[in-house]
Amino acid sequence: ASGLGVVLYEENLPIRDGVKFVCEMVGYDPLYLANEGKAVIVVSSGDAESLLKVLKNHPYGEQARIVGELTDEFAGVRLITSIGGERTLDLLEEDPLPRIC
């Protein structure tokens, strides 16, 4: 609705190695799986580093990181891959897989 786009940096996304392994094994993209316990906080770029320090000082924020940025160059979400490629993350057309506990 804002007309802004989101650039995500794959190498900064906090996806556990075990999750990556299972997703690769069964052919799922972890970005399209149900998740809980995460928060996305949008702040100005000038405040990002200071907020990150505050978050990392809290037990629930130890793994906090800056994962992307907003842009007015395009709408939607683009992922910059760990090898420098770029791909568009489309909206999920089906229901996400439920989290299995």
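# Strands, contacts and exposure in a predicted model

Glu86 is exposed, with a relative accessible area of 51%. On the scale used here, buried means under 20% relative accessible area, exposed means over 50%, and partly exposed lies in between, computed with a 1.4 Å probe and protein chains only. The model is predicted, so local features need pLDDT of at least 70 and side-chain atom pairs count only at pLDDT 80 or more, while totals for chains, interfaces and linings use all residues. Residues are numbered from 1 along each chain as its sequence is written, and side-chain values use heavy atoms, with hydrogens and water left out.

**Overall layout**

The chain has two helices and four strands. Read from the N terminus, its elements follow the order β-α-α-β-β-β. Helices (H or I, at least four residues) and strands (E, at least two) are DSSP runs, numbered from the N terminus. The C-alpha trace spans about 40 × 35 × 30 Å along its principal axes. Of the 101 residues in the chain, 14% are buried.

**Strand pairing**

Two strands are taken as paired if DSSP finds at least two bridges between them. Strand β1 (residues 5-9) pairs with β3 in the parallel sense, over five bridges. Within this pair, Gly5 stands opposite Gly76, and Tyr9 has Ile80 as its bridge partner. Gly5 and Gly76 are 71 residues apart in sequence, yet their C-alpha atoms are 4.8 Å apart in space.

Strand β1 is also joined to strand β2 (residues 68-71) by four bridges, and these two run antiparallel. Here Leu8 has Gly68 in β2 as its bridge partner.

Strands β3 (residues 76-80) and β4 (residues 86-89) run antiparallel as well, with four bridges between them. Val77 stands opposite Leu89 in this pair, and Ile80 is bridged to Glu86. The two strands form a hairpin with five residues between them, and in its turn Gly84 has a positive phi of about 95 degrees. In a regular strand, side chains alternate between the two faces of the sheet.

**Charged contacts**

How many salt bridges does a search of the whole structure find? The count is two. A salt bridge here is a side-chain nitrogen of Lys or Arg within 4 Å of a carboxyl oxygen of Asp or Glu. Side chains of opposite charge can pair when their charged atoms come close.

One of the two links Asp29 with Arg87, where the closest N and O atoms are 2.8 Å apart. Because Asp29 lies in the loop between α1 and α2 (45-56) and Arg87 in strand β4, this pair ties together parts that are 58 residues apart in sequence.

Another salt bridge joins Arg78 to Glu86, with 3.4 Å between the closest N and O atoms. Arg78 also lies over the face of Phe74, at 3.8 Å from the ring centre. For that contact, NZ of Lys or CZ of Arg must be within 6 Å of the ring centre and within 35 degrees of the ring normal.

**Exposure of selected residues**

The table lists residues from several parts of the chain.

| Residue | Relative accessible area | Class |
|---|---|---|
| Phe21 | 53% | exposed |
| Arg87 | 33% | partly exposed |
| Arg78 | 28% | partly exposed |
| Leu33 | 27% | partly exposed |
| Gly5 | 0% | buried |

Gly5 belongs to strand β1. Leu33 is part of the loop between α1 and α2. Its C-alpha atom is separated by 9.5 Å from that of Cys23, a residue 10 positions away along the chain.

Phe21 lies in helix α1 (residues 17-26).
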